[in-house]
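Please show the structure together with its sequence. Some questions and answers will go with it.

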Amino acid sequence: MRAFKGSRYPAGIRPRSIKSLSEPSKPYVFSWTGPWDAKRQRFIATASLGYGPDGKRIVKRGSGKTKTEALAKLKQVLRDYEDGLAVATSDSTVKDAVTYWLANGLKGRSEKTIRTYTWYADTHVIPALGKRKLSKLSVEDVDRWLSSKTGVLGTRSLKLIHNILDRSVRNAMRRDLVKRNVVELCEVPEGRSGRPSKALTIDQAEAVLRTAETATRRMRAYIVVSLLTGARTEELRDLRWDHVVAYDADRKTWRAVTDAGWEHEQFAIYVWRSVRKSGDTKTTKSRRSLRIPTRCVTALKALLAEQAEGERAEKLSERLVFGTRNGTAMTAENVRRDFRIALKGADGINPAEWTPRELRHSFVSLLSAHDVPIEHISRLVGHTNTVVTETVYRKQIRPVMQEGATVMDEIFPLTSES
């Protein structure tokens, strides 16, 4: 086929045959770079769009095994150019996008978070979709992939792998590797049913507290404080002694127990930190100060006495309340292991079926069973609003509506004749 440089349309192609193109502000000058590119084994169609601000010619190209395919590719490129969209490259894959995001999109995250995301990506995302080109990834591909995981993963894990793919493709869009993110158009299905959350009954809670008296002082204090304050595991693991305070009535201020001692009537803990990488609590409202009951005071006093042996007071104030022998924070695995050891022998309790976080659930359940308003419970556990409390702990909330029955008894009293 002869070259046709200088003409607006390729030879034999009339304007109406490419009617999908909107009318350009400047005429396109089409041309073939040659009947056949032997090196690339493709026909190459080009369109000159004039000159850019730097004086260089703006040229767009489309390639294909046939001339028709090359022209079709060129038309798509021109559409994108006119719409102001980035022209996606054809060789970037899902694996490339995910790998790049894992390496560059998780700055500032903890090592544990990075390991978790990497494991899910390497196990569930890349093996299934990694070879798929980003430009060819479709909603159907993502929907089928998520559906195939419903029997393997729980809903939370499904949301996680969807999030990994979504953020990876979004990052690729910012780098002009793909035109749109089809992943955000897909809904996450319900996953495999996990172990339902549960809470201790009043009898079970009493059994746990009795058994905790025989545990190590650290674990005894941990169980008592967790159950009776509802603090998160991540918050207690980073609690320091200078955040365990007593109210000094003479000075009318709260002071650390390492300075003020235990000869006071009111005590509290400052839940201001967590073991997250930033050191902050989960949310702004999670940062709270909680007065602690007498049983907590007794357990913490015994624990401080044990840790204070041979320790300077100023150094002790900076020490973690539930730290290891080396003074470092306990891991979640450490706490779970010691917690289950401490529960051995508790009446009606199988230690293997319980985790430390369920002490928090039990705190909510016990307060709800004793008619504490949901608004108060929400503030105590550090939730942003009552919706979170009612959603996450819906099985532990036991509201009892009494107003209707009380009014109806007054309207329709039951007399002796009835």
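This is a predicted model: local features need pLDDT of at least 70, side-chain atom pairs count only at pLDDT 80 or more; totals for chains, interfaces and linings use all residues.

Residues are numbered from 1 along each chain as its sequence is written, and side-chain values use heavy atoms, with hydrogens and water left out.

Q: How are α3 and α5 oriented to each other?
A: Helix α3 covers residues 111-129 and helix α5 residues 155-174, and they pack with their axes 10 Å apart at an angle of about 75°. Helices here are DSSP runs of H or I with at least four residues, and strands are runs of E with at least two, numbered from the N terminus. Axes are lines fitted to C-alpha atoms over the stretch in contact, with angles from 0 to 180 degrees between N-to-C directions. Since angles of 65 to 115 degrees count as such, α3 and α5 are therefore roughly perpendicular.

Q: How many salt bridges does a search of the whole structure find?
A: Side chains of opposite charge can pair when their charged atoms come close. A salt bridge is counted when a side-chain nitrogen of Lys or Arg lies within 4 Å of a carboxyl oxygen of Asp or Glu. R132, D141 and R144 are linked in a network of such bridges. For the whole structure the search gives 15.

Q: How many residues apart in sequence are the parts tied together by R276 and E234?
A: R276 and E234 form a salt bridge, with the closest N and O atoms 2.8 Å apart. E234 belongs to helix α8 (residues 233-236) and R276 to the loop between β6 (267-271) and β7 (288-291), so the parts they tie together are separated in sequence by 42 residues.

Q: Is D238 buried or exposed?
A: D238 meets R273 in a salt bridge of 3.0 Å, N to O. Buried means under 20% relative accessible area, exposed over 50%, and partly exposed in between, with a 1.4 Å probe and protein chains only. R273, at 31%, counts as partly exposed. At 12% relative accessibility, D238 counts as buried.

Q: Which segment holds F412?
A: F412 forms a nonpolar surface patch with V407, M408 and I411. At 59% relative accessibility, F412 counts as exposed. F412 is found in the segment after α16 (403-411).

Conventions
Patches are made of residues with over 30% relative accessible area and no salt bridge: like charges are joined within 9 Å, nonpolar side chains (Val, Leu, Ile, Met, Phe, Trp, Tyr) within 5 Å. Accessible areas come from the Shrake-Rupley method with a 1.4 Å probe; for residues, only the protein chains shown count as cover. Angles under 35 degrees count as roughly parallel, over 145 as roughly antiparallel, 65 to 115 as roughly perpendicular and the rest as oblique.
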